[in-house]
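Good morning, everyone. I have one structure to walk you through today, and I'll keep it brisk.

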Amino acid sequence: MRILVLGDVVGEPGRKLVEGHLPALRRELALEFVIINGENAAHGHGITERIARQWFEDFGVNVITTGNHAFDVKDIATYFQVESRLLRPANHPPGTPGQGYVKLHTPGGQEVLVINLMGRVHMPTCDDPFRCADAILARERADIVIVDMHAEATSEAQAMGWYLDGRVAAVVGTHTHVPTLDAKVLPGGTAYVTDIGMVGPYEGVIGMKKDASLSRFLKVKGERFEVAEGDLQLHGMLVVTEGRKAVSIQRILKTLP
Ligand SMILES: [Fe+2]
Ligand SMILES: [Fe+2]
């Protein structure tokens with residue numbers, strides 16, 4: 001099975017990259033399943049129902065994952081409750097609206113389980129992602145399992161890769177917005193990368209305009225963040241599986257002028 005996972009989509013520039021490249025990528029890469037991390041799709045913070053619906057309906061996206069910015073948009077919790085293909089981290093505390101994993105059937109007759117987890121190192125409070133993964137895998141069976149590990153610390157993402165090696169088809173990292181060069185298939189057959197990188201503007205600081213971001217390091221009270229504009233890059237990972245295991249993981253990089 002050929003699966004594309006796109007990193008955090010940041011603001012309008014990120015959405016333009018998705019709309020400009022995803023239809024052609026679907027054909028060129030013969031994609032059968034598409035996952036996008038959408039936690040920064042709305043002005044850099046959160047996702048709206050309109051954006052999610054457009055990706056599902058117009059672009060054939062199968063699952064949207066998120067992270068620490070899942071609930072940034074006002075009233076979005078209601079949509080999380082009704083749309084099972086829009087995930088928030090599974091290790092958010094009990095009682096959080098929405099779900100952290102979803103199982104879907106493909107037209108080819110395969111079951112794909114997508115799990116969204118969030119790290120705990122330098123991140124907002126959440127439950128243990130390792131034991132959360134164990135609990136989900138003990139409960140659910142699927143032909144292919146893909147994990148979005150939304151983490152700040154590279155060590156925590158790598159640890160999760162080794163922890164789940166052989167039990168899932170892929171552990172792909174999101175959140176830092178900076179791509180890492182370590183994509184590989186681990187010995188147990190799990191495709192792994194520490195961070196996919198973002199789908200958005202790289203002429204800034206993790207997707208935000210550099211002056212506003214710099215002001216936050218230089219002043220007591222910094223300026224309001226605004227989404228950056230230049231150097232648009234789409235970063236994704238093409239994961240190819242055979243049976244329950246991955247046989248390859250490859251970086252997909254596209255740009256827009
Ligand atoms: Fe993000
Ligand atoms: Fe994040």
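First, a term. Helices here are DSSP runs of H or I with at least four residues, strands are runs of E with at least two, and both are numbered from the N terminus. With that in hand: the chain has six helices and 12 strands. Keep in mind that this is a predicted model.

Now the overall build. The radius of gyration is 17 Å. The globule rule gives 18 Å for 257 residues, so the chain is as compact as a globular protein of that length. Along the principal axes, the C-alpha atoms fill a box of roughly 50 × 40 × 35 Å.

What share of the residues is buried? Of the 257 residues, 56% are. Next, contacts. Take those between residues at least 6 apart in sequence: 63% of them join residues at least 24 apart.

The accessible area comes to about 11300 Å². Carbon and sulfur atoms account for 52% of that. As for charge, the chain carries 27 positive and 31 negative charges. How far apart are their mean positions? The answer is 1 Å.

Let's go to the aromatics. The structure holds two aromatic pairs. One is F71 with F80: the ring centres are 4.8 Å apart. Their planes meet at 50°, so this pair is tilted. Tilted covers the range between stacked, under 30 degrees, and edge-to-face, over 60. Are the two partners buried or exposed? F71 is partly exposed, at 28% relative accessible area. F80 is buried, at 1%. The cut-off for buried is under 20%.

The other pair is F130 with Y163. Here the centres are 5.4 Å apart and the planes are at 80°, which makes the pair edge-to-face. Where do these residues sit? F130 is in helix α4, residues 129-139, and Y163 is in helix α5, residues 154-164. The pair therefore ties together parts that are 33 residues apart in sequence. Y163 is partly exposed, with 35% relative accessibility.

Next stop, D143. Find it in the loop between α4 and β6, where β6 covers 144-150. D143 is partly exposed, with a relative accessible area of 30%. Which residues does D143 touch, once neighbours within four places in sequence are set aside? They are G109, Q110, E111, G243 and R244. Another one to locate is H105. It is 38 residues from D143 along the chain, and the two C-alpha atoms are separated by 9.7 Å.

A30 belongs to the loop between α1, residues 11-28, and β2, residues 33-37. At 44% relative accessibility, A30 is partly exposed.

Is H177 buried or exposed? Buried, at 6% relative accessibility.

To recap, briefly. We have a predicted model with six helices and 12 strands. Two aromatic pairs are in it, one tilted and one edge-to-face. Thanks, and over to you.

Terms used
Residues are numbered from 1 along each chain as its sequence is written. Chains are lettered from A and ligands numbered from 1 in the order in which they are written. This is a predicted model: local features need pLDDT of at least 70, side-chain atom pairs count only at pLDDT 80 or more; totals for chains, interfaces and linings use all residues. Side-chain values use heavy atoms; hydrogens and water are left out. The radius of gyration is taken over C-alpha atoms; the globule rule is 2.2 Å times the number of residues to the power 0.38. Buried means under 20% relative accessible area, exposed over 50%, partly exposed in between (1.4 Å probe, protein chains only). Contact means heavy atoms within 4.5 Å. Accessible areas come from the Shrake-Rupley method with a 1.4 Å probe; for residues, only the protein chains shown count as cover. Lys and Arg count as positive and Asp and Glu as negative; His and the chain ends are not counted. The place of a charge is taken as NZ of Lys, CZ of Arg, CG of Asp or CD of Glu. Rings of Phe, Tyr and Trp (its six-membered ring) pair if their centres lie within 6.5 Å; planes under 30 degrees apart count as stacked, over 60 as edge-to-face and the rest as tilted.
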